[in-house]
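Please read the following walk through one model with its sequence and coordinates open beside the text.

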Amino acid sequence: MTTAADLLFSPFKLGPLSLPNRLVMAPMTRCRAGEGNVPTELNAVYYEQRASAGLIVTEATQVSPQGVGYLRTPGIHTDAQVEGWRLVTDAVHRAGGRIFAQLWHVGRASHVSFQPGRQAPVSSSAVRIRTGHAHTPEGPQPYSTPRALETREIPGVVAQFEDGARRAKAAGFDGIELHAANGYIIDQFLRDGVNQRTDPYGGSVENRARFLLEIVDAVTGVFDPDRVGARVSPLGGYNDMSDSNPKAIFGHVAAELSARKLAYLHVVEPVDGQAEDAAGRVMPLLRERFRGVLMANGGYTLETAEAALRTGAADLVSFGAPFLANPDLPERLSRRAPLNPPDVSTFYSEGPRGYTDYPRLGDAQAAAQPSA
């Protein structure tokens, strides 16, 4: 008889890819890129260590200089960056893994110090992030007020994502994920807490989804749709985000992405929900509207991940901090072994500490053995 645990550690077919398990390494910003936001051998070691994941989704990777909003985050808009990512994909593939690049443009979540010519960041509308700070080369600063993209400029931003997809393919990635979550530029078009436009990219849910769908249509001209995923966070408040009716906009998005036969829809919604009760959760509606593979993210444990798979609430589950601190997470979970605790102080620092020095299970056990 198949158990829930059998489901979590069972093989899974994701488009043309055969995954050895259903545990996905979630995208996590780590701020370890080298000069010019180029991935290095250190990044290759980090990802290779975690190649036992069913699928790795890289940290968010900016598609243009305009899309940069954080220090030492990797890009995929120069030839040097492509070569740097080739180090990573080659290492992961040698270790038997599979890896997608997450394509990213931060939009208003930037600061003039990151922008070419110190110009204002761009967004759907000229609405500034008021909580938190941008972490700039000059230290923490209030976020800059963005300018609203002109309608005629939007195809150029779509083209940045298309170019990022081409470069990801050249770098050897198995596919790509569009970062449409967490208050970055695609999310800034989707949600009406920011989007105040009155042109064809604002107002109705159809109009607010237009930017994302144009990007999807562009990148699926580079990768087949079954090698393209999208990540959304319908209830997330990060980066001052909100929407008056998340079920309406994200239900529409899910149906449109389903019609385009994407590889998966990656939904960030805490397993316990951000709403007071189950009625506020959006993921069940997305499960209904998106007929393809649904990937869940939001603080899952072994038990809650197994339950989501067993009930059909999700097909894959992505883990963030547990994968960060446990390069051999699938083995540890399958054996019910203790997990390394993540060192929060090193999440966004430099160098190997808190990045590539977390022990594997065998290393930890050997260290615990008394010396002769």
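The paragraphs below turn to aromatic rings and their surroundings.

This is a predicted model, in which local features need pLDDT of at least 70 and side-chain atom pairs count only at pLDDT 80 or more, while totals for chains, interfaces and linings use all residues. Residues are numbered from 1 along each chain as its sequence is written, and side-chain values use heavy atoms, with hydrogens and water left out.

Rings of Phe, Tyr and Trp (its six-membered ring) pair if their centres lie within 6.5 Å, and planes under 30 degrees apart count as stacked, over 60 as edge-to-face and the rest as tilted; by this rule there are 11 aromatic pairs. One of them joins tyrosine 47 and tryptophan 85, whose ring centres are 6.2 Å apart with planes at 50°, so the pair is tilted. Tyrosine 47 belongs to helix H2 (residues 41-49) and tryptophan 85 to helix H3 (residues 79-94), 38 residues apart, so that the pair links distant parts of the chain; helices here are DSSP runs of H or I with at least four residues, numbered from the N terminus.Tyrosine 47 is buried, with a relative accessible area of 1%, and tryptophan 85 is buried with a value of 1%, where buried means under 20% relative accessible area (1.4 Å probe, protein chains only). Ring pairs link Tyr46, Tyr47, Trp85, Phe173 and Tyr355 into a cluster.

Phenylalanine 347 lies in the loop between helix H11 (329-334) and helix H12 (361-368), and phenylalanine 347 is buried, at a relative accessible area of 15%. Apart from neighbours within four places in sequence, phenylalanine 347 is in contact with Thr29, Arg30, Arg32, Leu324 and Pro342, contact meaning heavy atoms within 4.5 Å.

Key
Helix = DSSP H or I, 4+ residues; strand = E, 2+ residues; numbered from the N terminus. Buried < 20%, exposed > 50% of the residue type's maximum accessible area, 1.4 Å probe, protein only.
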